[in-house]
Amino acid sequence: MTALRGPAVGRRLPLIDGIEKVSGRAAYTADLPAHALVGRILRSPYAHAELLDVDVAAARLLPGVVAVITGADCAKPFGVLPISMNEYPLARERVRYRGEPVAAVAAVDDETAERALALIRLSVRELPAYFSAEAARAPGAVLLHDNQAGNVLREVHDEFGDLAAGFAAADLVREARYRCAEVAHGQMEPHAALAEYDAERRRLTLHSVTQVPYYLHLMLAHCLELEESQIRVVKPFVGGGFGARVEPLNFEIVAALLARAACGTVRLNLTREESFLTHRGRPETEIRVKLGMTRQGRLTAAACEVVQRGGAYAGYGIVTILYAGSLLHGIYDIPAVKYDGCRVYTNTPPCGAMRGHGSVDARHAFECLLDTMAAELGLDPFAVRRANLLSVPTQTANGIIINSYGLPECLDRVERASGWQARKGRLPPGRGLGMACSHYVSGAGKPIHRTGEPHAVVELRLDFDGGITILTGAADIGQGSSTILVQAVGEILGIDLGRLRVVATDSAVTPKDNGSYSSRVTFMVGNAAIDAAQRLRDILLAAAARKLESRPDRIECVDERFRVRGGEDPGLAFREVAAAALAQGGSITVKGTFTVPVEYQGGKHRGGAVGSTMALSYAAQVVEVDVDVDTGMVRVEKVWVAHDCGRAINPLSVEGQVQGSVWMGMAQALGEETRYEGGLPLHASLLGYPIPTIMESPPIEVHIVECLDPNGPFGAKEASEGSLAGFLPAVTGAVADAIGLRMTELPITPDRILEALARRQRDSRIAAARGAAS
C-alpha cells in the first residue's frame with residue numbers, strides 16, 4: 001500500500017487489492033499454478049429417482065483415468081447448520097434434483113475426463129418429482145427426506161403482542177398476496193477448487209472460492225474423517241459471492257475426495273452451467289401480508305405468512321425462513337406482529353443465502369401493502385413511514401436491541417434529493433416515482449457453531465523491518481474488508497498505512513474467523529482489529545516512554561512521531577520506538593478479539609438467535625421509472641438512496657457497496673428469475689439469465705447517513721445489504737405511479753406489464769358494458 005499519513009478512518013481510500021484486480025495480476029482459484037489432474041462431475045439427469053446402481057467399472061479402465069468416486073466413497077452428510085446436515089457430496093441411494101452430483105473422475109486431461117464420465121452407467125427407479133411448494137406439500141406426495149413430514153423443512157409460528165386487539169383498533173385493514181421468483185447470485189467467477197492430498201503425511205490442502213473457510217474446514221474434516229489439524233484451507237482472490245459461497249459446497253468436498261483417491265492434486269473448475277446448478281440462490285417465495293392502520297397512518301398490527309420453495313436440501317433453509325419473520329421487526333414501531341413461515345423441499349437445486357438473506361421478499365411485500373393502504377387513506381408514503389418510526393434506544397418484541405436509528409434522516413435525505421413533494425404525481429404519462437425503506441443486521445449475534453471461542457480474532461505482528469502484518473481469517477470477497485482492517489489499525493496506531501500489510505484466510509497461518517456472511521466482518525472483525533491495535537499501541541507507548549523518560553499515559557503519536565504530550569522535544573520516529581520495543585524480546589505479536597455480548601444474541605423464543613445483532617443499518621430510497629405501455633419495458637431513470645451505515649470508515653467503499661446492493665435489487669425486481677422445465681434449468685448461462693448490463697444501469701445517487709452506533713468499530717454498521725430490499729417495493733411503487741397498476745409478482749417483466757394492462761382494459765370494457773346494460 002502507498003504511503004498515507006493522517007487520520008485513516010473516514011477517508012476515501014482505494015481498496016488495497018484494487019491494483020491486482022484491475023491489472024489482472026490477482027490470482028483466483030482457477031488461475032493457481034499446479035501440476036494437477038482434471039476433475040469432472042457426473043450429474044443426475046433425473047429430478048427424483050432411487051439410485052439402484054452407479055456402474056463405474058468401464059470408466060476406471062479408461063487409460064488416463066486416475067480416480068473415480070461415487071457416493072459410496074463418502075458416507076457422511078454435510079451442511080452449514082449442524083442441526084440439518086442432509087446432503088452428501090455425491091448422491092447416495094437417491095437423487096433429488098437434476099444436476100445433483102452422482103460420481104466424479106480425476107484424469108490426466110479434459111478429454112479423458114469427459115470420456116470417463118460418458119462411460120458411467122446409472123440404474124434408477126424414477127420417483128414423482130415436485131417443482132413447486134404447493135405440489136410438494138400436497139396430500140400423498142412422496143417424501144424427499146423420510147424424516148421430513150409433508151416435505152416441510154421447518155415451520156415457524158411467532159406472535160408478539162395482541163394481534164386481535166391491534167386489528168380491532170385499525171381504521172383500515174387490508175390483506176394482499178405477493179410472489180417473488182427464485183433468483184441466482186450471478187457472481188462473476190464460476191465455482192472452482194484446487195485440492196492437494198499428501199498421502200505420506202495424510203494432509204489435505206484445499207484452495208477454494210469459499211466465503212467461509214472455517215466452516216468448509218470443519219466439513220472437510222467431517223466428510224473425509226480427518227483431524228482438523230491435517231487440513232489446510234486457503235481462500236485466494238474471489239470474484240464475488242453475494243451468499244453463493246457462505247456454506248460448504250459439494251464440489252469442494254468432491255475435489256478433496258478425488259485428490260485423496262488419486263493421491264495427488266486435482267483441479268475442479270465448474271462451468272457456468274454447473275455453478276447455476278450448485279445454486280443456493282434466493283428461494284421462490286409466496287407472501288401474504290395483512291396490516292392494520294389508523295386514519296393517521298399509524299400501524300396497529302401486522303400478520304405475515306411466507307412459503308419458500310427451498311429446493312432439495314436443507315442448507316441455510318432454517319435460517320432463511322426465520323430471517324423472513326425476525327426482520328419484520330426493527331424498522332417500524334408495530335404493537336402486534338404475527339409470523340407464519342414454511343420452508344418446503346422440492347426437486348429443484350438447493351436454495352440458500354443471498355444478499356439481504358431472508359429479508360428481501362418479505363420486506364418487499366410489507367412495503368408494497370403499506371403504500372397501497374397509504375394511497376387508500378390519501379396519505380403520503382413518507383408521512384406513513386414517519387408515523388411509525390421507532391424511538392431509540394429500544395428493544396423489539398422479538399429481542400433485538402437497537403441503539404442507533406438513522407432512518408428519519410434517510411427519509412429526509414431522499415425526499416429532498418428526489419424532489420418528491422414537488423414532482424410526485426406531476427410527471428408526464430408513463431413516468432413515476434416510488435419509495436420504500438429497508439434495514440439489515442450488522443452480523444449475526446450468535447455464531448452457527450457455538451464453540452465458546454471469540455466471534456472474531458485478529459493478530460498483529462511487528463518485526464525488524466518496521467512493518468506490521470495484520471493476520472485475519474476474514475474472507476475479503478470484494479467487499480473491501482481487508483481495506484477496512486488497514487484503516488482501523490492505522491487509525492489506532494497513528495502510523496503510515498504503507499507500513500501495514502494484510503495476510504488473510506490461510507488456516508495454516510491466520511486465526512480462525514467465522515466467515516463473510518450477514519455483514520459481520522466490518523463490525524466484528526473491525527472491533528477485533530481495534531482491540532489488537534490498542535494492545536500494540538500500549539506496547540509502543542511503553543517503549544517510547546522508557547526512551548523519553550516519561551509515563552506511557554503522557555505519550556502521544558502523531559504522524560509517526562512519539563513525543564511527550566505538551567512538551568517541546570521533537571520526540572522519536574516510529575522506527576526508533578519499534579526498535580526499542582523489539583529489543584525487549586524480538587518480534588511482537590498481539591491478539592485482539594471480539595465477542596457479541598449475550599444480551600445481543602437473540603430473544604428467548606425458539607429461533608430467536610436468527611435476526612439477533614448488535615446493530616441494524618437503515619435505508620430509504622426513491623426510484624424514478626419510465627414505462628413504455630406499448631412494449632411493457634420499464635426503464636429506471638434514477639435512484640436516490642440514503643443508507644445509515646453508522647460511521648463510514650471508507651466512504652468510497654460504502655458508496656460502492658450501496659450502489660451494488662441497489663443494483664442487485666433492480667436485477668431481481670425487473671428481470672431475474674430461475675425457471676425450470678421438468679426440473680431442468682432453462683437459464684443456466686449468463687446469456688440466458690437476465691442480469692442487467694451497464695446499459696440498463698441508472699444513475700444511483702448515494703447519501704451516506706452516519707448515525708453512530710455505540711457498539712460498532714468507530715460507530716460503524718453494515719453497508720452492503722440493507723439497501724437491497726427497499727428497491728423492489730420502491731420500483732413497484734414507481735410503476736404504479738406511472739401506469740396506475742401495482743404489480744404483485746416479481747420480476748416486473750414486459751410480458752407481465754402488458755398482461756396487466758390488457759387485463760385492466762378488458763375489465764374496463766366489461767364494466768362499461770354492464771353499466772350500459774343497467
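1. Tyr 214, Tyr 215 and Tyr 517 form one aromatic cluster. Rings of Phe, Tyr and Trp (its six-membered ring) pair if their centres lie within 6.5 Å; planes under 30 degrees apart are stacked, over 60 edge-to-face, and the rest tilted. The model is predicted, with pLDDT of at least 70 needed for local features and 80 or more for side-chain atom pairs, while totals for chains, interfaces and linings use all residues. Residues are numbered from 1 along each chain as its sequence is written, and side-chain values use heavy atoms, with hydrogens and water left out.

2. Tyr 517 also has a charge over its ring: the charged end of Arg 520 is 5.9 Å from the ring centre. Lys 290 is placed likewise over Phe 167, at 4.5 Å from the centre of the ring. The criterion is NZ of Lys or CZ of Arg within 6 Å of the ring centre and within 35 degrees of the ring normal.

3. The count of aromatic pairs is eleven. In one of these pairs, the ring centres of Tyr 323 and Tyr 440 are 6.0 Å apart and the planes are at 35°, so the pair is tilted. Tyr 323 belongs to helix H9 (residues 317–326) and Tyr 440 to strand S18 (residues 431–441), so the pair ties together parts 117 residues apart in sequence. Helices (H or I, at least four residues) and strands (E, at least two) are DSSP runs, numbered from the N terminus. Both tyrosines, Tyr 323 and Tyr 440, are buried, that is, under 20% relative accessible area with a 1.4 Å probe, protein chains only.

4. Tyr 332 and Phe 366 form a stacked pair, 6.2 Å centre to centre with 20° between the planes. Tyr 332 lies in the loop between H9 and strand S15 (337–345), and Phe 366 in helix H10 (residues 360–376), so this pair ties together parts 34 residues apart in sequence. Tyr 332 and Phe 366 are buried.

5. The largest nonpolar core has 164 residues, and Leu 407 and Val 625 have the most contacts inside it. Helix H18 (residues 724–739) gives the most to this core, ten residues. A core here is a set of buried Ala, Val, Leu, Ile, Met, Phe, Trp, Tyr and Cys residues joined through side-chain atoms within 4.5 Å.

6. Val 625 touches, among others, Gly 430, Val 634, Val 731 and Ala 738, not counting residues up to four places away in sequence. Contact means heavy atoms within 4.5 Å.

How values were computed:
Buried < 20%, exposed > 50% of the residue type's maximum accessible area, 1.4 Å probe, protein only.
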